[in-house]
Amino acid sequence: MIASAVVVAAGKGTRMGQTVNKVYIHLGGKPVLYYSLKVFDDIDCIKEIIVVVSKEEMGYCQQNVIKKYSFKKPIKLVEGGSERQHSVYNGLINTSKHSEIVAIHDGARPLIDKEIVLNTLEQAYVYKAAAVGVPVKDTIKIVDEDNFIVSTPDRKFLWAIQTPQVFERGLIIDAHQKAIKEGFIGTDDSVLVERLDYKVKVVEGNYKNIKITTPEDLIVAEAFLKK
Ligand SMILES: Nc1ccn([C@@H]2O[C@H](COP(=O)(O)OP(=O)(O)OP(=O)(O)O)[C@@H](O)[C@H]2O)c(=O)n1
Ligand SMILES: C[C@](O)(CO)[C@H](O)COP(=O)(O)O
């Protein structure tokens, strides 16, 4: 299998409320983004890593992450967009045409395990589309605009979806292009493939693979790293 990784890091980290983008905050002495890249750098079938960063942070990322930690794989920095979906698309179109498979990962998920990435790559090779997820632990409610509960979906069918999400390269580019054409913005990449009527396989991950979003996530992530 020949694969590329697209790691998106061009967000603003608004919910973190710090002046520095959350992907550059240090955990265990290294930036969050370092850990999110390292796992892909250590996987043989991944031949390149595309890191999507904001225009203003390109120099910073190059200097303080890419050069500083000398990764083994070729790493290309490309510019992000206003929404995560735009950033992913820009990453995708910059992947090598020789790649059959592309793994898309949030730069803000530094605690992903290599084994889970490998499982997801394998499942995507078989099914063309696979996403990491975990069964939800809470009871989920659908509510109306006034916060009244409308319904309670059966929890046994509910999974919280994370990244990486891994796809056949042509399929995920087509899915993004259809979304662009129709003005659809999704909160992950899987939904764009679902819209093409493709079945996406969910690969069971773990609860450790949190997305660093709000300040308390840093405490949790630091604790996991110490373990
Ligand atoms: N325009 C965007 C928005 C998000 N992301 C990336 O997508 C991942 C998940 O997004 P999220 O947690 O929402 O990050 P932010 O957009 O940075 O956070 P916030 O919504 O709090 O501003 C992050 O790695 C983020 O850098 C991106 O590359 N481009
Ligand atoms: C892609 C994602 O990480 C899957 O859980 C998530 O949907 C990103 O959402 P965000 O609104 O960009 O945090």
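**Close-up views of the strands and the ligand shell**

View 1. In β6, the bridge partner of A3 is I101. Strand β1 (residues 3–8) runs parallel to β6, joined by six bridges. β1 also pairs with strand β4 (residues 46–53), again parallel and over six bridges; there A5 stands opposite I49. Strands are DSSP runs (E, at least two residues) numbered from the N terminus, and two of them pair if DSSP finds at least two bridges between them. The model is predicted: local features need pLDDT of at least 70, side-chain atom pairs count only at pLDDT 80 or more, and totals for chains, interfaces and linings use all residues. Residues are numbered from 1 along each chain as its sequence is written, while chains are lettered from A and ligands numbered from 1 in the order in which they are written.

**View 2. Burial of β1.** Six of the six residues of β1 are buried (20 or more other C-beta atoms within 10 Å of the residue's own, C-beta atoms being placed from the backbone). A3, A5 and V7 point one way, and S4, V6 and V8 the other way.

**View 3. β10 with β6 and β7.** Strand β6 (residues 101–106) is joined to strand β10 (residues 159–168) by four bridges, antiparallel. A103 has V166 as its bridge partner in β10. Strand β7 (residues 129–135) pairs with β10 over six bridges, also antiparallel, and A130 stands opposite V166.

**View 4. Shell of ligand 1.** Ligand 1 is surrounded by 21 residues, the closest being V8, G11, T14, R15 and S87 (C-beta atom, placed from the backbone, within 6 Å). The shell divides into six nonpolar, nine polar and six charged residues. Ala, Val, Leu, Ile, Met, Phe, Trp, Tyr, Cys and Pro count as nonpolar, Asp, Glu, Lys and Arg as charged, and the others, Gly among them, as polar.

Terms used:
A residue is buried if 20 or more other C-beta atoms lie within 10 Å of its own, exposed if 12 or fewer, and partly exposed in between; C-beta atoms are placed from the backbone.
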